[in-house]
Every structure is written in structure tokens, then in C-alpha cells.
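Subject: Structure for you to look at

Hello,

Here is the structure I said I would pass on. Please open it first; my notes follow below.

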Amino acid sequence: MSNTKKYWKGIEELQETPEFLNHKQNEFAEELPVDKFLGDDKLVNTNTNRRDFLKVLGFSVTAASLAACETPVRKAIPYLNKPEEITPGVANYYASSYWDGQDFASVVVKTREARPIKVDGNELCSITSGGSTARVQASVLSLYDSNRLRKPQMNGKEAEWSTVDKEVKSKLEATAQRGGNIRILTSTIISPSIKAAVAEFTIAYPTTQVVTYDAVSLKAIADAHLATHGKAMIPTYQFDKADFILGIGCDFLTNWLSPVEYARQYASKRKLSKDKKEMSRHVQIESLLSLTGSNADKRVALKPSQLGLAAISIYNKLTGSSISTAATDKDNAISEVAKELASYKGKALVVCGINDPAIQQVVNAINTYLGAYGNTINTDVIDYTRQGNDAAVANLVSEMNAGSVDALIIHGTNPVYSLANGDAFKTALSKVDLSISLSDVADETASACKIIAPNSHFLESWSDANPRTGHYTLGQPVINPLGSTREALVSLLNWAGNTTNARDYIAKYWEVMLYATSAEIAGFSTFWNKTLNAGLLVKSTEIVTNSVPTVPPAPSSTPAISDIKPVADLFAAGSSIVSSAKSAKGIEVVIYEKTGLGWGGQANNPWLQELPDPVTKVTWDNYVLMNPDEMREKGFNVLMGQEQFSDTVDVTIGTKKLSLPAVAQPGLPKGVVAIAVGYGRTAAGKTANGIGANAFSLVGTSGGYYQFNVSGASISGSTGKYNIAATQTHHTMMGRQIVKETTLEEYKKDSKAGNEDLLLATNLKNVGKDGKAKPQELDLWQNFEYKNHFWNMAIDLNSCIGCGSCVVSCTAENNVPVVGKDEVRRSREMHWMRIDRYFTSSMNEEVAEKDGVGAIDKFLKMEVPATDDSLEVVFQPVMCQHCNQAPCETVCPVLATTHSLEGLNQMTYNRCIGTRYCANNCPYKVRRFNWFRYNENEAFDFNMYDDMGKMVLNPDVTVRSRGVMEKCSMCVQRIQAGKLSAKKKSERPADGSIKTACQQACPTNAITFGDFNDANSAVRKAWNDERKYQLLEEVGTQPSVYYLTKVRNKPATTKA
Amino acid sequence: MSHQSASVREPLILGEKTYHQITEDIAKPIEGKANNLFKILFTISALLALWGVACFSYTIGTGIGVWGLNKTVGWAWDITNFVWWVGIGHAGTLISAILLLFRQRWRMSINRSAEAMTIFAVICAALFPVMHMGRVWLAYWVLPLPNQFGSLWVNFNSPLLWDVFAISTYFTVSLVFWYTGLIPDFATIRDRQVKPKMKRIYSILSFGWSGSAKQWSRFEEVSLVLAGLSTPLVLSVHTIVSMDFATSVIPGWHTTIFPPYFVAGAVFSGFAMVLTLLIIMRKVLHLEDYITIAHVESMNKIIIITGSIVGVAYLTELFVSWYSGVEYEQYAFLNRATGPYWWSYWSMMTCNVITPQLFWFKKIRKSLMATFIISIFVNIGMWFERFVIIVTSLHRDYLPSSWTMFHPTFIDIGIFLGTIGIFFTLFLLFSRTFPVIALNELKTILKSTSENPKPPHH
């Protein structure tokens, strides 16, 4: 029944009075006196009186200022439709490939809400086994480099891709038609697809030739093998199979061919345990104290010009040959090395990093004599990561100068910066009609090119790689290109007339070339997805890749390795070595790559700039390394510190001059200086520009090979003062038991050697025995009880090589701010973990006692590192030790630092008021204070001030505010995540399933992390190892971090 | 009370004084006009104080990074200044409380200004533990206040928390003690005032004191009770300050000798500062008849004693570090004397150990000029003592990899000078508005210890 009830607003409506009907349409019952009000004459004359005005003014000002006080609201905008694979708060991982033209790594990229925030090694990869270098770790920040180009450029102005493509194509076509020369200058290409694309390009433009250029070339190794083995190749090395390793001027642990792999092999051979009491012996003959030399059991410092002579002497001694050689400064030491080497036949490996084919031939001959080929050197698996041809580059420059190059495409390299005659290259470049750079920044070379077609960052790109025989990897984009950039592969294809995208092209290539021979998986898409998921594919047989035309053409067919003749013309090689050694005069210069920055491709990365050099501990600069004795003789300051100014010196070779501060480097022979490349950038970006000087300008050329050891330099006196920033300004252990060390011989006899129990005298009846007690027995405090987990960490000092990957990894994981050079100089670096490096001193307790040296004098002399060959170096990673009786915890007035139920020493940033008492009372000095607001502060114009750079921040870790203390948390966010994922499966976290950032990055597995309460955990095993000790045990802090003593494979006679 | 002093004691009030004359002399600075010397001193002090305020503001605005501290040396000038000022603050209470209990009558001319100095020194001192916090706006978190942050409480294990209690108690008791003593004197000033406004102010300040026998009796009782309360505080405050260091694990800090050594050092520096101030004040305010050479000499004797205790403590520290056999400890002390901060150690040794020994000579002990110079030396020496303890222990502790140096910035220096400015500004204001000598108390010894007392005119 419909409702027929009706309600009236009033009696007027019921009666429908005319008045009501009249007003029914009006909104208001009575007419509003609007006209009357507005028409009021008085209104014109009204004035707000002073009091009213002030009231209103006061109100508005207050309201406005109150509104201004409000903290700005940053909006987080939720997804309208949730992407299938992204769950906010849950990280995704994608396998990819890192390749910077020199170093290869198969990586796993962590993304959060579609932002890549961390790059780590891919554990499935047999080359890196999950380890990574500092550069790989830092590469994720380079993605967010705001200096990267957002758009292609033509003649210095931004342009559209269509315009660029049209221009390039028309010019290339015109050039090809009239038979003009087209050249592609590229860094080593290991991508089979790019090679195919280049081949396609060459078909489209037949006058194309490819010139491969490695800034730090190792062509001599390949060419020496051509001479000795009949095949130009760089073999792969197996340090884990060598009982004796001899390095000659070769920094194989950080900057040589495949550093992560070689470091891992090296360390695995040197790991010791109850069941394995053997390790390799490593002798290093070199000039610069490299990171590799720092780890050697024995190191012989020689001038660079004599390294080749040493190789000949060793060969002569071993084989009884009489290749003419000349005397070196250390002939005795060298013949001792040769004598030792002789007893390691079949188990020895000699490696050499000098780009001189004559020396490399001698080294090959030594290796052949020692039976290294087939045992410790694998010639079946060939390393493709250095294909540069130094002579071809020189040839290209003269071609360009002659005006015979009409079009030049530069890919993955920066010759204006990295060629010794970079300026000449720039001049020659101006003579090229069409110069195209595929660089992603307008660097020194790109800015001199007419067109820049920016390549995408590897994290934005599809890619593939074939770093060595049978090893294939895929790379996938993990974020959309941040700017309008595209893969170099696409650019080349596009210009060749093929408009396929990178993914399809690579997939097609893999389908045709690789899938066809992988019958074990049914269906290409399954194969592709599986490979993409793993990131790599290892094939037992080599697949023929499209050959790349080179200038000059590569040697054609080569004889099989089995029937090579081991002896090349060693006499010719010998005389070449001797003559070049004899021609060395003046001061010799070693030009080297730093562990962090390498050749400088990622120089604009603040993480790498702030990473201290592992040996010098200096950040943010390159410098002239000199022997400290020599510096004292010249009156230069050898000390470092906030107000210790280094002397600036001019290093001159011919017309080239570099002006850099002189820094003391023990272990460097007198008359030799060393300068790192990678600095002196002028167009890399705001972080790198203007730092240091370009040492590439001093690189020499001999017989068509770049020479990184040059002579004939002179050094001026002090021309000024310069303040360098080092994270460690004191270099010796001062006779303290900080890094405990022993020799293999002693260790075999007693596995507690060098790690004798520390017993303190006590008169307490109920503790210890015989009046002696261990420090942890003498304790005022009650011990914590850890009922569930007890997180511990063990660091094997015998495995740690000091490379610093962990430091960058920690920085990335924990949002550690970059503070810049001036703050580092003030000892205010924020790194949560550091790697302490100590040199030995010629003064120690025994010497003092023997020579009757007084205490004051003794300590003064202990501060000075040894400058002779007795110099040894140790590395010790130090982070928060998570003491179980933590001195920091008791002193905080507000309980901002407390102990967790799982043994972690935790920092509550919110509660911290910043008294710094905890930092003062920390015996390990691992606490870091936020002296300023480091984020969003223009005084700290690094990634946290940059809208792009901020994208790298890990959302799981708080960005600390000004005035609070911070320190290593043992990656508590990872522990929580690991516990949660185990909980979801209703099980305990498996040992090894939770990894700290430092542990994950470590190429040598020096760091073990786990639950002490798990009786089978690796960390528990380390606890029971007799080499285990706690740092500063006598303070009674009972750290949860412990170290395993370092063991050097050397005779026990010299006590460390 | 009014027995005659033995003639071997020197008179404590010089000249021919009557009760009225004492009142006249002491009320004069309050009632008269400021002289030029005062104006100059006040201007300089106030400017310094303003500069200090500016430096403090800059620190709060920018961050503790504007100081010279670093990852290894987390405290330097801040806590050095704190301990220095707290130490200076010790003389006042010692003079008023302990000397009162020991019935040392010479304290009567100096206790008022010594106590004022204590209050101002503690104000300056308290600035530092607050200002050195990274997040000073959260300083109230060190107080055990009920809060809504959850079950948050302070850490009673932390010596810094003990400091909070020690300093605040000390400040409160000192202030009450000082003010109690001032009441009768304020009443005297009130009674002499002719300007109604001033009369009103002083009558409020004097809490309606009428000078009745009952009031005097209560006054004496309260003084004695407060003296009893203050006496342990003299020992406790610096003991607790010393525990900031003594309970830590840093070689050079972790020392059981610290509590007595710090207390002796504090009295030492406090007396030195009292001397520095009084020698100027007696000149500027014409109080030579009340603050006599005899007073100065008595204080100099305390300086010899405490200076010697401090000297013995220094040597004991050296001995114990060697005898302990702990290499870190041994190096810490060797480094103090011969390391990069040797100059601070030897400044400390010279100023604190050698110079006070000159007071064994009576001529020097009684010379105002010599006393003034030595008192400045002691002030400097005691500042260096704290600097040596804090900075040279921290800058090279356990792991040589973290060894570094501390270099002060302009802000560090500015803040220190600023607190000196604040201190003197307050003291100068005090000298013009408060009776700088406890005049009513002093009158009780007029007959007994004056050089030439005149009978009052009745």
C-alpha cells in the first residue's frame, strides 16, 4: 500500500493561503534586505577602527604562523590497482648482470615498491658465488645519479630520439654510400647480443670497423699466450688449486680480470680448521703495496723496472737457462723465491699484471715449466673480459686526425679522459663528421661528441653476457628508465634498420644460438624464464658467436692448445725486458687502480668516493704515494690528521705534470711513486669533478701496449699544503693484541698458537684457578639469558682481504649517510663498519728490551711503520661488537641503547638525546654520531640531498635525525625479516638463511653470522674454533662478535 | 661569641669600625652610583655573555658538529668547562658550610660572595651538560618524569643521571642556604632605602624580617641545619662528577682515585676563583677593611693543602698506571705526558702543582699581586686538568685505528668565553644589588676580631 500520508509545514500550507503560495518559490520566508544593506550610504563611510584592525591582523598572523609551523606532510599515494608482483613492504629480487666494461658480476637486485635498492652477488654464479666488489655494491646508487642524461643530445642541446635517429641514419647512410669510414670505439663487449647487433650494423654499413679499447689494458697477457701457446687468449686461473702463488705486480684480489672469483678461490685455499691445517703460500713481488701484496705471506718490494728482471731470474733459476738479465735490488730474496717455487711443481701459479708481452711470455714460460697449465691455469675456459687492442686505438686516433674517419660511435668508454693523449683524441674527434656517444652522462668524451644517445643504466636494461667460455648470463631491467634513455643495443639496431626492442632481440638470439643446444629443457619460454630467473646459464660447450670485425683483424685460426710449443723466443723477450729496465731512469711511477674507484667509471658515486682505500685509508682523493723515508729526507710531512697538511708536489714526466699531495706509503721502494687513476674528472658530475688529478695522462705506450709503470719522472719540492682526509691516521698496533697472528708452522703444532688464553691475576677464591681467571669470569654484572636466539658473528681474519665491499654494502643496506671529505678529515665518517689496517713496526717489545730502548722512545718508534721488507699488513673489520656486558648500555642516561633478548645491542634513535657518553665509553669506537642533519641538507650535497639519490634508501631502516647516535645493528631488519619468513613456515630460521649485509657482500666468506643457540650453526663452530678470540677480551665486554686469528704461511722464526 | 681574639691572630676587620660604619660601607655599592671601572667591566662581561649566547644558539640551530668533536673524542671543551665550573662552585659551599661548622670566623667576610660565585658557577656549569646534548630540546628526558611515551624510565645505572640529581640538589641547597643568609641583610638594606620602589623590592626580598630575637634564633638554627645538609654535598657533587669518568672503561678515566682527587681539585679551583674575584672586588667596592690580607692568607693556606693533595693524586695516578701492569693504562699516562697533548699536561702540572707551592713563602702568601697571579694560574691549571683527563684519555684509547686529535673550533672557544661572560655579568649585578658581605653576621665578630673597634654611639 502506497503511503498517502502527507505532512504540512504549517497551517498556511494546509490552507494554501495566498501568502503562502506567493512565497512558496522563495528560499527565504522573508525577503533579505540585501539592497538596503548594500545601498546604505553609511557603508561607504564605515571604517574598521584601529583596534579591530589589530585584532584581525593579530588573528591572521597567528593563524598563518601556526599553519607554517606544521611539519610538511609527505604523501604516500597508494596503488589504485595493486600490481600483481608488488606487495608494499615486501622486497622482490631479480637476477641480472653487472658489466662496466671491465668487471663482470652476476647479480641479484633487491627492489622495494619497484625501486632497486640493493645489488648483491648471485649465489648461483660459479664465477662470483654471491660475492661482489665495492663497485658492484655501489652501482645501485649510480642508477640514481642525477647527472645522468634524461634525453638524447644533439650539438649540446636536448633532442628527441626520433630526431636523433633520423639524423644519425641519414648521415650513416650517406657515409656508407660514399664509402666513408665508420668506426665503433667500444669497451670490451661481452654481450653476445650486442656483438650480433654490431654485426648487423656492419652489414647495414659495410664500412664499419670495431675498435675495442680497455682503459686498463691487459692485452699483453693475450698476446703472450699467442706467442707461447699459439692462441691469443686470457686463460682463467685457479687460485684454489695452487699451493704456491707468486704474484708479480699483480693486484689479483681486487683489480685484475675477475677479482671476486680470484679472491674467493684464494681465501678458500687459505681457510683453516681442525680438519684442514694446510694453506697456500703467497709471495708477492711488486712495487706499490697493493691490497694483494698486503695479504701476502712474503712480499718483496722492487722498483717496477726490475719486476721483469725478477721474472727472468726466477725462470733462469728454475730451469737452469741463461737468459740474459740484470741485477735487481733484491737478488737474494728473488732467488729464495725461485728455490721455494721449484718445490711446488704442478701446484704453483704465477700471475703477472704488467702489460708487457715480454714479461708475460717469461711468466708463461715459468708457468709452463711449473706445470701450471692444466693444473692451476685453465686454457679451456677463456676469459673474455679484456679484449682491448691498444695499438688499434692509437691507429684509430691517427685515422681520425687524418680526417679519414667519417663517423664514430663511442660505446662504454671515455677516451678523452682515460687516454694518455686524451686532448689529442678530443682534437681528433672534432675532425669526425658524425661523432656519437652512447654514454649515459655527458662525460669528457660525450660532451665533445655531436650526438649523445644515452645508454640506459644496467638496472634499466635488458642485457646478456658471456664473460668466459660456456658462461652465459642474462640481465633484466628492474625499473623503467628514469629518463628517456635506451639500451645501446637498441640504438645500434635502430640505426641498422632493425626496430626490435632489446628484450625480443636478446630472446631471439638466445632462442637461436643457445636454446638450440640446450635440449634438456622443453620449450623456449620455459628455458627463457628459467634462465632469467636464475640469471645465468652454464654450458659445457662453447657456442660460436658472431665474429666481430676488428682493426687489425684478429688472428685467424689457431692451433689446438694440446699441441703448442711451450718455449717462445724467450731470449728475445729477455733482451727486451733488460733493455727497457736499463732505459728506466729518474723516478719511476706506478699508475694503479684503487680498490674502490677502479678506472673511474663510477667516479661520481659518493659511496665509492667515501670508501677509504684499503691500504692508505684515504678517501675522496688521489695522491702521490711515496716511501716514507724518502719523504722525510725531502722534508715532506708523513703524518695524517685533521690539521696535518700533506705537501703538494709536482710529478713531471716530459711535458706532463700532475700536482698532487704526497702521502706516505710504507712498502713502496725509494725512487718510486704511485698515483691512482680514476680521479681528476672534469665532466663526471658534481661528486667527482675537480677531485685529484688524472693519472691516465702519465700512462706510457711501449710497443703498442699501454704501460702503467713508467719512468723518467721528476718530483718537485713542496709547492704547497693540502689536507687529505683519511679514516685512519694511526697505522700500527702499538704492540697490542688487536689482530692476533701466528704462523702456519706454529699453528700446525698448536692450534691455539698466537691465541693463548688471557688470564688475569686474581685473589678471589671462587673464580678461576691458581689465582688466575679469564676476564669473563671476573664480572660484576649479571649475565643476560638468551632463551630464544642469540645472534653472533665470527670474522675469519685469515680470509678477510680488506677489500671494503662490506663497507659499501653496509652503507647501502643501512642508509649510512655520506659526509664528504671535510667531515672525514675531522674524523667524522659515518660508516657503521670499518676495516682497520695495521702495519707492522720495526720496534716491538723484544727489540726494545734487547736494545735497551726506554718506554717513551719505544712507543714513539712503535708508531712508525716498518719501511723494509719486514713490513706486514693486517686487516680487521670492526663494527659494533654487540657486547654482552656493553659499556655503552650502562652509561646512557635515558636507556636509548639497550640489550635485546637475542643478544643484540640496540639503538633506539627516538629515545636518544645525544650525550655521546656511549661513544666515549665504547672501547671499539664503533658508535657514530649525527653531528649535523645529513639528510636533506644542502651542506651535504650527496645522495640524501638529491631527489633521485633518495630513491636508494632502504625503507626498512630509519634515516637518522641530527643529534642521535647510531651504529651497526647487525642488520636487525634482516633478522626480523628472516624470523618472520621462518615463522610463516612454522620453523626455526635455518642457519645461513639470515645474512647481514656485510656477510652477503664478502667475496671471501670471511664473515659468518648466525644463532649461537643453534648448536649446529656455523657461528657456533667458529666459537669452538681454537683460533677464536674476542677483541679486547680483557676489558670484559664479552662481545658477540669474535675473530679467528690470522695465520701466515711463513717460517716460525720471525715472531710477529 | 664576643670573646676577644688572641693577639697572635690577625684582626679580620681593619680600621676604626662601628656597627653603623659596617652597614654604611657594605650598603654603599647598592645605594651609590656605579663607577667607571664597574661600567667597563660590566660592558665587557655582558658582551662576552651575548657572544656566548650567540654561539649556543648557532650550535642548537646547526648541530653539535660546529664543535671540534669527532667519532673518537665525543666530549672535549663542553665537559671540560662543565667540570671546571662545577669545581669552581665548590668553594662557596665549603666556606659557608664546612667553615661554619668548624667555626672559622674569617669566613664571614667572604662567604656571601663565595656563595654567589657558587650559584653563578653552577649555572654556567649546568649549561654544558644540557647544551652538549645532540637533541637539547629533549633534555627533560633525563628527569624521571611520568610520561606518555610508554613504559619509559631513566637509567639509574648511568652516572650522567646521577649528575642530574647531584647538580640539581647542590644548586637547590646552595641557593636556599645563600638566600637564607641574605634575609637579615636584605632587611637592613630595606630599612635604609628611601626610594619607595626599592624599599618595596627589598621588603619583598627580606620576607618581612623584623630582627626579633625569635627570628634570630630560628635563623641560626636554619643556618646550622643547612650547613649540615650542604657539607656532604660538597663531597658528593664532585664525587659524582668524577664517577662520569671513574665508572667508565676508558684508560685514564677508569680510576678509583678520582672521587677524593676531584673533590680536592674542586676546592682548590674554587678557592682560586674566590681569590681572583675578591681581590678585584675589594678594590672596586672599597672593601679593603673587610677582606683583608689575613683573609687572603687563610685562603692561600687552603690552596696549598688542596694543591698538594692534587699534586699527590697526579703522582699516584702515574704510579698506579705503571704498577697496574695494564698496557693501555700505562700508555694512556705516558701519552698524557709525552704524547701530542704534552703541553696541556705540563701546563696542568706547572699551574696546579708547582705554582701553589710558592705559597709556602709568607711574603708571597701575603702579597695581593702574587696571590692574584697564582690564582689565575690555578684557574688555568684546573681547566687543563679536566682537558687532560677528558681529551687525552679519549683521543688515544684502545684501538690505535681510531686514534685521532681534537681541535677546538671558534664556537667551542666562543661558548667557553661566553660562560665566563655570563658568570661575571651575574657577579657584577650581584655586587651592585646584594650586600656582598654578610654584614649582620660580620657585626657579631666586630668586637672580637677588629683591629680597633669603636664602641657604638648610644
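B:V326 has 16 other C-beta atoms within 10 Å. Because a residue counts as buried at 20 or more and as exposed at 12 or fewer, B:V326 is partly exposed. Bear in mind that this is a predicted model.

B:V326 sits in the loop that joins helix 10 to helix 11 (327-338) of chain B. Its C-alpha atom is separated by 34 Å from that of B:A125, and the two residues are 201 residues apart along the chain. Helix 10 itself covers residues 293-324 of chain B. With 32 residues at 1.5 Å a residue, helix 10 should span 46 Å, so the 45 Å between its end C-alpha atoms agrees.

On the contact between the chains: 43 residues of chain B touch 47 residues of chain A. On the chain B side, helix 6 (159-192) and helix 11 are the elements that give two or more residues. Helix 11 of chain B has the largest share, 4 residues. By class, that side of chain B is made up of 22 nonpolar, 17 polar and 4 charged residues.

Regards

Note on methods. Residues numbered from 1 in each chain as written. Chains lettered and ligands numbered in written order. Predicted model: local features only at pLDDT ≥ 70, side-chain atom pairs only at ≥ 80, totals over all residues. Expected span 1.5 Å × (residues − 1). Contact = placed C-beta atoms within 7 Å. Nonpolar A, V, L, I, M, F, W, Y, C, P; charged D, E, K, R; others polar.
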